[in-house]
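Subject: Structure handover

Hi,

Here is the structure I said I would pass on. Please open it next to this email. My notes follow below.

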Amino acid sequence: MTTLALPAPGPRLRGLVLTLLALAGWELAARALTGAFVLAAPSQVLGWLAANPGLMARALRETLTNAAAGFVLGNLAALALAALALLWPRAQALVTGVALVVFCLPLVATGPILRVIFGPGAGPQIVLAALAVYYTTLIPLLVGLRAAPASWFDLVHSYGRGRWSALVHVRARAALPYLVAGLQIAAPAAFLGAIVGEFTGAERGMGVLTIRALRGLDVPMTWALATVATAVAMLAYVALGALARRLAPDAPPLLLSPPPAPARRQGLRAAALVCAATLALWWGAIAAFDLNPFFAKSPTDVAAALLTDADAGATRAKLGVALAETAAFLLPGYLAGLAAGAGLAMALVLAPQVAGPVMSAAIALRSVPIVTTAPLIVLALGRGAAGTVTLVAVMVFFPTLVACLHGLRQTPGQVMDVMDSFAATRLTRLLRVRIPAMLPAFFAAARMAVPAAVLAVTVVEWLATGRGLGSLMALSASLSDYDLLWSAVVLTTTLSALCHAAVARIEARVLRRYAPEQLT
Amino acid sequence: MAAERTDPPAVICRAVAKTFAGGTEAVRPLDLRLEPGQTTALVGPSGCGKSTLLRMIAGLEPPTSGSIEIGGAPPAETLRRADLSVAFQDPSLLPWRSVRGNIALALSLARRPADARAIDELIALVGLEGFGDTRPAQLSGGMRQRAAIARALVTEPRLLLLDEPFGAVDELTRQQLAQDLPRLWEARGTTTVLVTHSVTEAVMLSDRILVLSPRPAAIVADIAIDLPRPRAPGDARTDAFAALTDAVHEALSQGMARAEPPLAAQ
C-alpha cells in the first residue's frame, strides 16, 4: 500500500556506505580542484580541526551556550504566545500576525540594532537565536492545541467541565507531538540564529571565526567551520527526534500544518489590527527601553525619512534599487527551490526504491543551517547571481522536499485500495490522488519558506555580493545611517509579510478545493 | 443528596427548535416529555436531526428557541452536576489512554473518586476482559464503541444519552449488550435516550419509540413498547415484536412520504 517503504538491505548499512562514498567523492573533488580556492578536502578539514582544537572548542562552546539560551527563551515565548491565543481565541489572528511580522524582521538589520542596544556581550546572539525559533514552535503548537476532534471536547463538556479541563485532559497531550516537532526544527534554527548574531560584531564564537576565515580566504577553515556547524545542527535535530519518539510516538500528520486562513474580509481586518499592534509595539519598545533616538527610529521617523525629509527622494531611490536587486535573486531562487523540492518528491513516488534513503538524507540536510554554508556556496559559485540564487533555492528546497514527501504519504490507504482495484498506474495515482493529498503540506512549506528565503538572500547579499537590501542594511548600519537602516527594515519586513500573505491567499484558494477540512 | 441522585429525572422539551447558523433547520418546534427511568428510542432517517435533539438534551447544543428541563433544572445544571453521560456516535477515546484510562477519565471529569472495581466490572460487562490496558488504536471499531459505552456508564449517570452506540458492534455482542445494558439501567433507574437506525434494536431496548420525520425533525409517531422484560433475542421472532417493528416501519415510511411528496408520487 505504501510505496515509500525502505528497501530491503539494512538502512544503517546503506547510510554508512553512502556517507563513505560521499566523503570519498568530496576528497577526490577537492584534490582535483586544488588551487582553485573553492573546496577543502575532508582530510584538510580534519587537519585544520586537529591543528586548532582549542580555538574550535572555545568558539563552539560560546555559540552553543548562546544558542541554548536563545532556544529556551524563544520556546518559552512561543508557549506564552500560544497560551495567550488559547485563553483569548479572538486574539489568535493578532498574536500570529504580530509574531509573523517579528519573525520576518531581517536578522541582518536586527543584529546591528541589537548590538547597539546591548553593547558588547552575548545579548544580540541570544536574542537572535530566540527570534529564530519562537515562530517555528508557535505555529505547530497552535495547530496541535486544536488538533483534536470536536467530540473529545464534547466529552469533556458533557461532564460539565470547561476550558481548563479541556486543556489539561485533551489539548495539552494532543499538542505534545506538534510541540516536539516544532522543537526539533527549532534546535538547528537556534544555532543558526546565534551564528548570525555573532556575524554582527561579537567577540567570540563560530560566527566570528567564519567571518575571519572568509576575509582571509582560508578555505580549510571555512569548510571546517561549516562542517562542524552542520554536524552540530544535525546532531541537535536527531537528538530531539529521538526524544520525540520517546515522548510522543504518535507523530503529527503534518510537521508544519498551517492554521486556518481567515476569510477575505476578516483577513483585511486582521491585517489592519496587526499593523496597528506592530506600530504600538514599536513605539512602546522605544519608550519602554528608553532607547537613544539617534539609532532607535520611531514609525514617524521612518515615515519622515521616506516621505517628507529633504533627501526622502534619494532614500526611496536607494531602497528601490536595492529592492529590485534583491527581488531578482529572491524570486527565481524561491520558485526554483519550491519546484525542485516538489518535483523531486513526486519523482521519488514514481521511483519508490530510492525514496527511503533520499527521505532520510533530506530530513537530515533540512536541519543544516544553510546560511552558515553561504561562504561555501560563495566560494564555489562566486559572488554573482548564481551563488545567491542557488543559496535561496537550497534554503527553500529541503523543507519543501520533506513536507511534500510527508504530504504524499498522507494519501488515505482506502483511496489507494480503490486505485489498486482499478489497476491504476503510478502516474495516474500521482496525478489523481497523491498530488491533491500533498497540496496542504506543499503550501505549508511554501509559506514558511518565505521568511527563510528572505533571510538567506539578505545574508548572502551582506556577506558576499554587496548588492541588494541585505548589503544596504549592513552598509547603513556600519555608516550609522539609521534612517536608511530602519526604512530598509520596514521595507524588508513588509515584503516578507506580503509575500507570506500572498502565498497564504493562494493556499486558501487551493485548499478550499482540495482539502476543505484544513480550513474549518 | 444521595436520594436525590438516585431519582431518575424526567426530560421535558417545550417547543424546542434548532436552526443552524447556515440557515439549516434541523429540528422543528417540538414538545416532548420523557418519563423518569424509561428508555426512549429516537428513530428516523439519516440526517433527520436525531443527534441534534440528543445534543440539545445533553446541553452540548443550545436550542434556537424553546426550553429543556431535566428533572426540573436546565441541562446546564445537569451538566454542572455531571449527572448525565453521553455515548457518542464516534467512540471519542483519547488515543494516549488505555481502555481503563479512558473509562477512568470519565470519573475524574465527573469529580468522582477512582473506582478500579467498578471499571473492571464494566470492562467485563461490555466484553473487553483482557483489553483493559490496550490502547484504542489496537482495538477494532466495535471494541472501541464498547469501551465508550463502559465510559458512559461508569459515572452511574441519572440520564444516559446513547447516540447510535452499537453501530460498529458485531451482531452477537450487540445481542448480548441488548440483554445486559437494560438490566443495568433498570437496576440503577436511569432515564435513557437512545438514538438508533435499527428498528429491531429500538424495539428490543426501549419502553417507547419516537419516530422522527426527515429533516427538520418532527415527531410522526409515538409508539409504546409494552413487551415484558427481560427480553431475549428470541423475542424478536414473536408476533407481538413483529407487530411493533411493522408499526415503526410504517411510521417511518409515512414520515418519508410526508417529507418528499414528489418521490412518493412516482
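How many helices and strands does chain B have? Chain B has 10 helices and 9 strands. Keep in mind that this is a predicted model.

**Chain B overall**

Chain B has 266 residues, and 53% of them count as buried. Its accessible surface comes to about 11500 Å². Carbon and sulfur atoms account for 53% of that surface. I also looked at contacts between residues at least 6 apart in the sequence of chain B. Of these, 71% join residues at least 24 apart.

**The open sheet**

Three strands of chain B form an open sheet, in the order S2-S1-S4, with antiparallel pairing. The edges are S2 (25-34) and S4 (65-70) of chain B, and each pairs on one side only. Neighbouring strands of this sheet are turned by 20° against each other on average, ignoring direction.

Look at S1 (residues 11-19) of chain B next. S1 and S2 of chain B run antiparallel and are joined by 6 bridges. Within this pair, B:Lys18 stands opposite B:Val27. Helix H2 (residues 50-57) of chain B lies across S1, S2 and S4 of chain B. H2 runs at about 55° to S2(B).

Is S3 (residues 39-43) of chain B mostly covered or mostly uncovered? Mostly covered: 5 of its 5 residues are buried. In a regular strand, side chains alternate between the two faces of the sheet. Both faces of S3(B) are covered. B:Thr39, B:Ala41 and B:Val43 are buried on one side. B:Thr40 and B:Leu42 are buried on the other.

S3(B) pairs with S7 (residues 191-196) of chain B in the parallel sense, over 5 bridges. There, B:Thr39 has B:Thr192 as its bridge partner. S3(B) also runs parallel to S8(B), with 4 bridges joining them. In that pairing, B:Thr40 stands opposite B:Arg208.

S8 (residues 208-212) of chain B pairs in turn with S9 (residues 219-224) of chain B. This pairing is antiparallel and has 5 bridges. S8(B) and S9(B) form a hairpin, with 6 residues between them.

**Cysteines**

How many disulfides are there over all chains? A search of the whole structure finds 0. Take A:Cys499, which is in no disulfide. Its nearest cysteine sulfur belongs to A:Cys104 and is 9.0 Å away. The cut-off for a disulfide is 2.5 Å between the sulfur atoms, so a pair must lie within that distance to count. A:Cys499 is partly exposed, with a relative accessible area of 28%. B:Cys13 is buried, with a relative accessible area of 2%.

**Where the chains meet**

The contact takes 15 residues from chain A and 25 residues from chain B. Which residues of chain A lose the most area to chain B? They are A:Leu155, A:Tyr159 and A:His169. Together they make up 39% of what the chain A side buries. Chain A and chain B bury about 1800 Å² between them. Of that area, 64% is on carbon and sulfur atoms.

Best wishes

Note on methods
Residues are numbered from 1 along each chain as its sequence is written. Chains are lettered from A and ligands numbered from 1 in the order in which they are written. This is a predicted model: local features need pLDDT of at least 70, side-chain atom pairs count only at pLDDT 80 or more; totals for chains, interfaces and linings use all residues. Side-chain values use heavy atoms; hydrogens and water are left out. Helices (H or I, at least four residues) and strands (E, at least two) are DSSP runs, numbered from the N terminus. Buried means under 20% relative accessible area, exposed over 50%, partly exposed in between (1.4 Å probe, protein chains only). Contact means heavy atoms within 4.5 Å. Accessible areas come from the Shrake-Rupley method with a 1.4 Å probe; for residues, only the protein chains shown count as cover. Two strands pair if DSSP finds at least two bridges between them. Axes are lines fitted to C-alpha atoms, for helices over the stretch in contact, and angles run from 0 to 180 degrees between N-to-C directions. Buried area is the accessible area (1.4 Å probe) that two parts lose on being put together, summed over both.
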